[in-house]
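Open the model in your viewer and keep the selection tool at hand.

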Amino acid sequence: SCDKCEKGKYGEFGATSCAPCDGDGQYADELGLAACKTAQSGYKPSSNRQSVEMCELGTASFGAQDNCTPCNGVGEYADELGLSACKSSPARKKPTSNRQGIENCSPGRYSVGGKTECDECEVGKFSSEGAVGCSQCEPGEIPVDNMCMKCEKGEYATFGSSTCLACDGPGEYSDEGAGFCETCPQYETFVSETNSCDCQETFTRIDGTCTCTAGETLVDGKCVTCDDGRYKDHPGTDSCTVCDTSDVKGAFDSVPGVEKTSSQSCACGVGKFSDGAVCKDCAATGVNCTTVGLTIQTLPMFDGFWRTSISSTEVLPCLNPKHCKGGTDTANLCSDGYTGPLCAVCTSGYAATGSGKSLECSVCTGDAQTTIIVYSSSFVAMVLFVVVLYCCCCRQPTESTTRNRLSRARSTANDARSKYNTWMKAKGPIIKVLVSYYQVM
């Protein structure tokens with residue numbers, strides 16, 4: 001009798017034995033099969049070839065295969081049993097690590113589909129979870145934790161930047177969320193405390209513009225005072241004017257303590273003075289030219305010297321050095337009590353003794369009017385005495401009388417002359433004072 005082939009085997013017509021179903025995808029799930037069956041898509045033969053079973057998750061088969069093929073191709077996965085073909089991950093997704101499902105792209109990554117791994121966003125771009133593409137931040141913003149954050153004050157970011165950059169150039173500043181730096185006007189800097197531009201150090205705001213003041217010029221980006229022998233009479237960054245070429249020839253110095261804002265600061269050096277146009281040597285004896293900045297009007301005299309006026313260069317020695325105290329004021333070159341040319345005359349209120357080099361001027365004491373009356377009366381009395389004496393000598397006497405009188409007259413005249421000379425020696429200076437006093441009056 002004929003026996004049926006067991007499951008997992010088959011027997012062809014006329015065969016004397018059953019053969020195993022061991023070909024690709026073959027199986028026999030019934031007794032007495034004359035031919036093996038072939039596994040359909042999504043299935044595979046069981047290990048004993050007696051049945052079929054569905055492809056597992058993460059695998060697939062298009063049929064006639066002993067084993068389901070793992071979905072390990074680019075972007076492949078199988079989230080169902082018995083799939084005939086692997087699925088491809090869609091946009092925004094990627095396969096799970098076991099290829100049995102899909103999951104969203106993480107923040108900062110994206111996928112347009114068919115990817116095993118989501119692509120990372122380029123520098124300066126960001127994405128949220130499950131993104132099909134990356135986004136760029138607007139100018140003034142950068143991506144932080146997959147969101148756009150504004151740059152702080154004093155920083156900026158261009159479109160698509162990944163970091164905020166500092167506005168650290170000269171005079172640069174920015175507000176929060178700036179896409180570029182603002183620039184303060186020339187010679188100004190940004191002050192964060194006031195949120196405004198202010199003049200850089202050494203500069204001054206004049207008529208709304210930061211610049212150098214009069215008497216200053218620009219050197220190495222800073223305002224500095226004009227050098228000696230130069231001045232500038234207006235604000236600005238231009239050069240200072242040279243005194244030697246524009247105002248006073250040979251003026252290479254500046255007057256100490258005088259601002260260099262005009263030609264008044266131009267000065268001749270030690271040993272020279274300015275006549276208003278040229279620096280000249282101090283050649284005259286008696287002139288003290290040991291300081292800078294002397295002019296013909298300010299020439300200082302040493303003690304014992306005198307000059308006629310502030311415009312004169314003729315310096316003369318005084319008759320007596322102590323009569324002249326020196327200095328720059330030509331109206332006050334004489335010592336107390338002296339005046340006039342070479343300080344050789346006593347001033348009002350002073351009495352003169354001697355003359356010329358020996359002149360001494362002393363302060364008058366007492367009442368001047370009384371002094372005049374007393375000495376005037378004495379002078380009148382002396383004149384009357386001489387007249388009386390003359391009259392007595394001129395009478396018509398006898399010859400003997402005449403001889404006697406003449407002898408007495410001579411004796412009296414000689415005596416009067418002697419007394420007069422003695423009196424004049426004592427009172428002469430006083431008479432000179434009276435004469436000088438009348439001249440002053």
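Start with the whole chain selected. Among contacts (heavy atoms within 4.5 Å) between residues at least 6 apart in sequence, 28% join residues at least 24 apart. The model is predicted: local features need pLDDT of at least 70, side-chain atom pairs count only at pLDDT 80 or more, and totals for chains, interfaces and linings use all residues. Residues are numbered from 1 along each chain as its sequence is written, and side-chain values use heavy atoms, with hydrogens and water left out.

Colour by secondary structure. The chain has 3 helices and 40 strands; these are DSSP runs numbered from the N terminus, with at least four residues for helices (H or I) and at least two for strands (E). Of the 441 residues, 29% are buried, meaning under 20% relative accessible area with a 1.4 Å probe, protein chains only.

Next, select the aromatic side chains. How many aromatic pairs does a search of the whole structure find? The search finds 2, where rings of Phe, Tyr and Trp (its six-membered ring) pair if their centres lie within 6.5 Å, and planes under 30 degrees apart count as stacked, over 60 as edge-to-face and the rest as tilted.

- Tyrosine 173 and phenylalanine 190: the ring centres are 4.5 Å apart and the planes at 5 degrees, so this pair is stacked. Tyrosine 173 is in strand S21 (residues 172–173) and phenylalanine 190 in strand S23 (residues 188–191), so the pair ties together parts 17 residues apart in sequence.
- Tyrosine 187 and phenylalanine 203: the centres are 4.6 Å apart with planes at 10 degrees, so this pair is stacked. Tyrosine 187 lies in the loop between S22 and S23, and phenylalanine 203 in the loop between S24 and S25, so parts 16 residues apart in sequence are tied together. Both residues, tyrosine 187 and phenylalanine 203, are buried.

Move to residues 350–353 and 360–363. These are strands S39 and S40, which pair in the antiparallel sense over 4 bridges; pairing requires at least two DSSP bridges. Threonine 353 stands opposite glutamate 360 in S40. The two strands form a hairpin with 6 residues between them, and glycine 354 in the turn has a positive phi of about 80 degrees.

Finally, colour by pLDDT, the predictor's confidence in each residue, from 0 to 100. The chain mean is 86, and 84% of residues reach 70 or more. Where pLDDT is low, the predicted coordinates should not be read in detail.

Conventions. Buried < 20%, exposed > 50% of the residue type's maximum accessible area, 1.4 Å probe, protein only.
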